[in-house]
Amino acid sequence: MDSMELAAIVGRADERPSDVDSQIDAAYACDREDMEAEAVAYYDRAWQLGIPEARRHDFLIGYGSTLRNVGRLDDSLGILETAATEYPDDLAPNAFIALTLNSAGRSDEAVALLLESLIAADGSGVARFGPALASYAELLRQ
């Protein structure tokens with residue numbers, strides 16, 4: 001994305017602070033340009049406005065990930081856990097939760113979650129090792 005396109009997207013969001021779609025678009029644009037500090041302001045504003053169902057899944061993951069990147073780890077966990085609850089068949093939120101747990105110094109929990117997600121997503125032969133992996137996940141959580 002060139003700087004003029006980014007400026008147009010951000011400008012539209014700044015001109016329309018109550019337009020949730022403009023806020024989300026600006027958050028994503030800033031994220032793509034590695035401008036997380038700027039992105040989180042747009043994510044925060046969009047969150048306060050309420051996220052349309054059609055955009056909610058990706059928004060929750062993007063917002064949670066960006067919150068982690070700016071060091072708001074508790075907020076990140078909250079948003080990502082919301083995504084995991086609302087979309088229980090999607091394991092992507094678990095991967096981002098694991099990253100946040102790792103950033104918070106909770107690596108054992110992160111690995112346990114990833115093991116549990118791997119077991120749940122089995123399609124590659126992991127099932128026959130499921131009991132052993134589940135046992136390791138339990139030990140890591142202790």
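The accessible surface of the chain comes to about 7,700 Å², and 52% of this surface belongs to carbon and sulfur atoms; the areas come from the Shrake-Rupley method with a 1.4 Å probe, and for residues only the protein chains shown count as cover. The model is a predicted one, in which local features need pLDDT of at least 70 and side-chain atom pairs count only at pLDDT 80 or more, whereas totals for chains, interfaces and linings use all residues. Residues are numbered from 1 along each chain as its sequence is written, and side-chain values use heavy atoms, with hydrogens and water left out.

The secondary structure consists of 8 helices and 0 strands, where helices (H or I, at least four residues) and strands (E, at least two) are DSSP runs numbered from the N terminus. Along its principal axes the C-alpha trace spans about 55 × 30 × 30 Å. Of the 142 residues, 35% count as buried, a term that means under 20% relative accessible area, with exposed being over 50% and partly exposed in between (1.4 Å probe, protein chains only).

In the largest nonpolar core, which has 24 residues, Ile 24, Tyr 42, Tyr 43, Phe 59 and Tyr 63 touch the most other members; such a core is a set of buried Ala, Val, Leu, Ile, Met, Phe, Trp, Tyr and Cys residues joined through side-chain atoms within 4.5 Å. Helices 1 (3-15), 2 (20-32), 3 (36-49), 4 (53-69) and 5 (73-86) each give two or more residues to this core, and helix 2 gives the most, with 7 residues. A second, separate core of 7 residues includes Ile 97, Ala 98, Leu 101 and Leu 113.

Tyr 28, Tyr 43, Trp 47, Phe 59 and Tyr 63 form one aromatic cluster, and the structure holds 6 aromatic pairs, where rings of Phe, Tyr and Trp (its six-membered ring) pair if their centres lie within 6.5 Å.

Thr 100 lies in helix 6 (residues 92-103) and, not counting residues up to four places away in sequence, touches Arg 68, Leu 73, Ser 76, Leu 77 and Leu 80, contact meaning heavy atoms within 4.5 Å. Asn 94 is likewise found in helix 6 and, leaving aside its neighbours within four places in sequence, is in contact with Ala 84, Leu 113 and Ser 117.

Terms used: Phe/Tyr/Trp six-rings, centres within 6.5 Å; stacked < 30°, edge-to-face > 60°.
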